[in-house]
Amino acid sequence: MNGSRHLPLPVVHEVRDTCQCFAAQRHARQLARRFDAIFHPLGLTNGQFSLMVALAAPRPWRVNALAEFLAMDRTTLTAMLNPLRRRKLVSVAPDKTDKRARLVTLNKSGHALIMDAVPLWRAEHAKLAQEMAAPYKPKRAESRPDNL
């Protein structure tokens, strides 16, 4: 790669200011940090909360179907399930109708933990809804530097 070639700064600004994907990724990271913080006392991340809510369904999930529902690949889902398995919040077992498939269920302790997490989620979600309904007020100029 030629070190003398740089993306022109106006193009950088154009992408920064107009790219919906870039904006969505930034907002998603901000939301993730916000909800990670409220679930921290329970030892959960926002991703684990979402996963456990899906697992609260009255039937087990096949790993592939759960990964598809959560819009993630199997390896990412497996990595998310491992700490929950170690904490004995979820179980993963072979599907009796298809030995190649695995079924994931939320254990009794997982149900109890998610019941503790839902009020935290509701309170934070209500705050977020209020903030989103309020008129926009920019924080400070440094959050959007012109040299980026």
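Select Ala71, which counts as exposed at 72% relative accessibility; here exposed means over 50% relative accessible area, buried means under 20%, and partly exposed lies in between, with a 1.4 Å probe and protein chains only. The structure on the screen is a predicted model, in which local features need pLDDT of at least 70 and side-chain atom pairs count only at pLDDT 80 or more, while totals for chains, interfaces and linings use all residues. Residues are numbered from 1 along each chain as its sequence is written, and side-chain values use heavy atoms, with hydrogens and water left out.

**Two loop residues**

Remain at Ala71, which is placed in the loop between H4 and H5. Helices (H or I, at least four residues) and strands (E, at least two) are DSSP runs, numbered from the N terminus. Although Ala71 is not a glycine, its phi is positive, at about 55°.

Next, select Lys88, in the loop between H5 and S2. Lys88 is another residue other than glycine with a positive phi, in this case near 60°. With a relative accessibility of 59%, Lys88 counts as exposed.

**The whole chain**

Now display the entire chain. How many helices and strands does the chain contain? There are 6 helices and 3 strands, and the pattern along the sequence is α-α-α-β-α-α-β-β-α. The radius of gyration (taken over C-alpha atoms) is 20 Å, well over the 15 Å that the globule rule gives for 148 residues, so the chain is more spread out than a compact globule; that rule is 2.2 Å times the number of residues to the power 0.38. Along its principal axes, the C-alpha trace spans about 60 × 45 × 20 Å.

Of the 148 residues, 25% count as buried. Contact means heavy atoms within 4.5 Å. Among contacts between residues at least 6 apart in sequence, 57% join residues at least 24 apart.

**The largest nonpolar core**

Select Leu44, Leu51, Met52, Leu55, Leu66, Leu77 and Leu81: of the 28 residues in the largest nonpolar core, these touch the most other members. Such a core is a set of buried Ala, Val, Leu, Ile, Met, Phe, Trp, Tyr and Cys residues joined through side-chain atoms within 4.5 Å. Two or more residues of this core come from each of H2, helix H3 (46–55), helix H4 (63–69), helix H5 (74–86), strand S2 (90–95), strand S3 (98–106) and H6. Which element gives the largest share of this core? It is H3, with 5 residues.

Centre the view on Leu44. Setting aside residues up to four places away in sequence, Leu44 touches Asp36, Phe39, Met52, Leu84, Arg87, Leu113 and Ala117.

From there, move to Ala117, in helix H6. Is Ala117 buried or exposed? Ala117 is buried, with a relative accessible area of 0%. Again leaving out residues up to four places away in sequence, the residues that Ala117 touches are Phe39, Leu42, Leu44 and Phe49. Although 68 residues separate Ala117 and Phe49 along the chain, their C-alpha atoms are 7.6 Å apart.

**Where H2 meets H6**

Two packed helices are described by the angle between their axes and the distance between the axes. Select helix H2 (residues 20–39) and helix H6 (residues 108–133), whose axes come within 10 Å and cross at roughly 140°. Axes are lines fitted to C-alpha atoms, for helices over the stretch in contact, and angles run from 0 to 180 degrees between N-to-C directions.

To display this contact, show Leu31, Arg34, Phe35, Ile38 and Phe39 of H2 together with Ala117, Leu120, Trp121, Glu124, His125, Lys127, Leu128 and Glu131 of H6. These residues divide into 8 nonpolar, 1 polar and 4 charged; Ala, Val, Leu, Ile, Met, Phe, Trp, Tyr, Cys and Pro count as nonpolar, Asp, Glu, Lys and Arg as charged, and the others, Gly among them, as polar.

Also on H6 is Ala123, which is partly exposed, with a relative accessible area of 42%. Ala123 and Ile38 are 85 residues apart in sequence, and their C-alpha atoms are 9.6 Å apart in space.

**Two last stops**

Select Arg86, in helix H5, which counts as exposed at 64% relative accessibility.

End at Pro135, in the segment after H6. Pro135 is exposed, with a relative accessible area of 68%. The C-alpha atoms of Pro135 and Ala67, 68 residues apart along the chain, lie 37 Å from each other.
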